[in-house]
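Please look at the model below with these notes beside it.

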Amino acid sequence: MKELTFEENGMTITMQVNDSGQIELTDFSAIPGSKSIAHKQREGRGSDFYNLLSVQKTGESSRQFRAGKHNADSEGPKFRYLAHTEAGDAGVKTICISAETPEKLHADYYMEFFKDIKMIRTWTTFTNKGSEDVGLDFVSSFFYAGICKNGLVPYYDKTSIFVPFNSWAGEAQWKEFDAADIGISHMPVSGYNLPGAGNNRFHYGNTGSWSTCEYLPMGMIRDRETGEIYYYQIEHSGSWEIEIGSHADGHLYLALLGPDDESEWWKNLAPGQSFTTVPAAFGVTIGGVSEAAAELTKYRRAIRRPNADDETCHVVFNDYMNCLMGDPTEEREKMIIDKAAALGCEYYCMDCGWYDKGNWWDRVGEWKESPERFPHGMKSVCDYAHAKGLKMGVWLEIEVMGTACALAQKLPDSWFICRHGKRRIDNKRYLLDFRNPGVRKYCTDTVDRLIRDYGIDYFKIDYNVTTGPGSDLDCDSTGDAMLEHYRCLYEWYRDLYRRHPDLVIENCGSGAQRMDYGILSLQSLQSTSDQTDVISNSYIASNVASGVTPEQAGMWVYPYKDEREHVIYNVVNGILLRPYLSGLVWKLSDANFQIMKEGVDVYKRIRQDLPSMTPIFPLGFTGVKAPVLAYGLRGRCKAYLAVFTPKTDLAVIALSSVLPGSISSVRVIYPAQADCAFRLLDKTLIVQMPQKQCARLFEIEFA
């Protein structure tokens with residue numbers, strides 16, 4: 001028996017190689033010495049206890065009853081250890097485990113470690129080293145069958161599963177479930193040698209190009225006995241699946257997959273060909289959701305493209321939400337640019353509608369300005385913004401062409417996502433297929449033209465459609481075509497940044513329907529919602545830093561009532577994220593306009609702290625029925641805390657679980673005229689607001 005143990009950043013990862021060469025992942029824990037538990041549990045077990053990989057080969061049988069589960073694959077137990085290597089420096093270390101089946105399906109399993117971050121990034125490259133084609137039905141990006149195995153209590157009596165529901169205008173709404181309450185329990189079957197291996201599983205995911213239209217591609221699992229919390233994400237903008245289920249001998253497994261058999265993916269590997277899985281990330285620490293979110297935040301910053309925007313945290317005004325709502329004109333734009341400059345904004349983004357008159361929805365695609373909207377040319381608006389000291393941005397939905405777009409009628413079907421000989425049409429749009437070099441060149445020429453002719457420094461890239469499983473042109477499967485489409489899109493963005501390194505791109509998929517770290521590892525900003533109601537928006541603002549780093553999380557600040565508390569509530573929604581200013585700013589009184597500007601000034605004063613801070617959720621993840629919301633950012637000895645009272649006027653917030661040591665001071669920093677009473681009682685903050693539907697920003701110092 002050979003053992004490989006990797007102790008990094010407070011995590012213990014143990015792999016065992018038995019006498020026949022089979023390799024297993026036996027331990028992934030935050031508890032020192034937990035591998036001894038794994039050793040004891042492993043003794044006398046069969047050959048499929050802690051498989052490192054889950055791989056189903058076409059034409060091969062699963063190992064037992066499987067139903068829809070991905071833990072009883074044909075190939076996992078067949079992989080035999082060959083060697084492992086370590087490379088990298090003190091900042092990033094990469095470990096590669098090489099293994100192979102008797103039929104010469106070779107796997108290079110990678111684990112990437114980042115300094116002081118309790119998380120790994122993992123992926124596998126499979127290569128057919130045999131003499132015959134190999135079909136792959138599904139492959140895991142990460143698989144571990146030892147979730148909540150530590151301690152004395154069985155998983156089904158102590159496991160909490162946190163699921164991140166996501167929807168249009170209702171993003172980042174987490175729910176906590178007990179494992180047994182969602183069908184994940186240990187039900188022994190007398191007379192069968194399949195202990196704990198029932199068909200029950202809990203799974204969620206996505207099929208198609210809106211990666212987050214129902215769930216975020218991430219999750220958390222907490223062991224209530226040992227205090228360990230596991231957290232994970234899949235880094236892909238297309239199809240993916242997260243699956244949790246009962247495994248052999250009363251164990252719990254987690255499978256993280258990109259596109260798989262349930263999203264119409266299949267891949268054929270001819271001899272010599274390779275396939276690399278979608279990247280995934282997994283980590284474990286001691287604590288709760290705030291500790292998990294802190295590690296996820298640090299990890300996301302580590303894998304993100306370095307860019308000045310996420311360090312400086314520029315203030316952006318966008319003319320869409322509760323403002324022009326897609327109906328721009330030269331006169332209106334210049335009026336609002338004056339307001340944006342007076343507020344202290346640094347970027348101005350002209351949103352949708354600039355390219356056509358009237359009802360433009362199905363005519364998008366050529367991206368040329370409307371002379372009816374801009375009688376002196378759109379450049380006159382861009383020049384006006386530049387003269388006011390603002391950098392200029394525009395909205396663009398580069399991946400589509402409308403069904404009424406004249407250019408789309410002249411192009412071949414190979415430019416578009418197609419099914420059964422027809423172009424896919426979604427919401428009156430054709431969808432460009434980035435596997436086609438002609439598509440990529442057209443999009444490059446379009447973006448370069450806008451940058452050159454108008455001095456554009458910022459693009460809001462929207463995506464209001466979904467492809468379904470993918471194209472069936474020139475592919476092994478629709479799911480594989482979708483995967484390759486996104487890999488080509490990512491490379492197109494990388495090339496764009498190589499040519500325009502200072503360009504800022506906001507990722508907007510109809511709000512946050514594509515909020516994943518396949519694309520967010522490239523873009524500096526994410527639109528977090530299309531929610532138009534300020535109170536509803538606070539339920540998103542108080543949770544969304546669980547899914548995206550705070551400095552990337554664009555949050556609308558869009559007053560549409562000329563009321564003081566309404567303006568304040570808007571500002572507090574965005575001030576610990578990345579505030580996107582908008583709204584009916586020209587209708588605000590001077591006093592309320594100054595309250596909004598005061599919020600911008602406070603943000604500019606504290607924004608240098610934010611990119612190094614990590615999120616805290618003192619009330620846990622809060623749902624839409626919660627009367628009080630609280631979300632904050634914590635540094636080494638200082639924290640900022642946003643407190644909302646959407647359904648009451650009194651907030652009681654225990655801080656002991658999210659702030660270490662003793663608290664030395666608490667003060668309201670926005671608004672300057674606090675108009676609320678507050679006190680600290682045994683690390684519990686008690687806030688009496690002047691009315692219902694209020695919000696305040698606190699600064700807290702602690703030792």
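1. Tyr-231 is found in strand 15 (residues 228–234); strands (E, at least two residues) and helices (H or I, at least four) are DSSP runs, numbered from the N terminus. At 0% relative accessibility, Tyr-231 counts as buried, a term that means under 20% relative accessible area, with exposed over 50% and partly exposed in between (1.4 Å probe, protein chains only). Leaving aside neighbours within four places in sequence, Tyr-231 is in contact with residues including Lys-118, Met-119, Met-220, Ala-281, Phe-282 and Leu-296, where contact means heavy atoms within 4.5 Å.

2. On the source of the values: this is a predicted model, in which local features need pLDDT of at least 70 and side-chain atom pairs count only at pLDDT 80 or more, while totals for chains, interfaces and linings use all residues. Residues are numbered from 1 along each chain as its sequence is written, and side-chain values use heavy atoms, with hydrogens and water left out.

3. Ala-281 belongs to strand 20 (residues 280–286). Leu-296, 15 residues from Ala-281 along the chain, has its C-alpha atom 9.0 Å from that of Ala-281. Ala-281 also counts as buried, at 0% relative accessibility. With neighbours within four places in sequence left aside, the contacts of Ala-281 include Met-119, Ile-120, Arg-121, Tyr-231, Leu-256 and Tyr-299.

4. What lines the largest pocket, and how much space lies in it? The space is about 360 Å³. Of the 18 lining residues, the closest to the centre are Arg-121, Pro-279, Tyr-490, Arg-494 and Gly-518. A pocket here is an open set of points on a 1 Å grid over the protein atoms alone, with protein on both sides within 12 Å along at least five of seven lines; a cavity is a set of points where a 1.4 Å probe fits but cannot get out, and lining residues have an atom within 4 Å of a point. Points are joined across faces, edges and corners, and a volume is the space filled by probe spheres set on them.

5. Strand 8 (120–128) and helix 9 (478–499) each supply at least two residues of the pocket lining. The largest share, five residues, comes from helix 9. By class, the lining has eight nonpolar, five polar and five charged residues. Ala, Val, Leu, Ile, Met, Phe, Trp, Tyr, Cys and Pro count as nonpolar, Asp, Glu, Lys and Arg as charged, and the others, Gly among them, as polar.

6. The largest nonpolar core has 144 residues, of which Met-220, Phe-317, Trp-354, Phe-459, Leu-576 and Leu-697 touch the most other members. Helix 9 gives the most to this core, with nine residues. A second, separate core of 68 residues includes Leu-4, Leu-53, Val-139 and Ala-179. A core is a set of buried Ala, Val, Leu, Ile, Met, Phe, Trp, Tyr and Cys residues joined through side-chain atoms within 4.5 Å.

7. A search of the whole structure finds four cavities of 30 Å³ or more. Helix 11, strand 33 (578–581) and helix 12 (590–606) each give two or more residues to its lining, and helix 12 gives the most, with four. This lining divides into nine nonpolar, two polar and no charged residues.

8. The second largest cavity has a volume of about 50 Å³. Its lining includes Leu-216, Gln-233, Arg-300, Asp-516 and Gly-547. By class, there are six nonpolar, two polar and two charged residues.

9. Helix 11 (residues 564–575) has 12 residues and should span 16 Å at 1.5 Å a residue, which agrees with its end C-alpha atoms being 16 Å apart; the expected span is 1.5 Å times one less than the number of residues. Of its 12 residues, 11 are buried. Among them are Glu-565, His-566, Tyr-569 and Asn-573.

10. In helix 6 (residues 378–387), Met-378, Ser-380, Val-381, Cys-382 and Ala-385 are buried. What covers them includes helix 5 (330–343), strand 23 (391–396) and helix 8 (437–454). Just after helix 6, Gly-389 takes a positive phi of about 85°.
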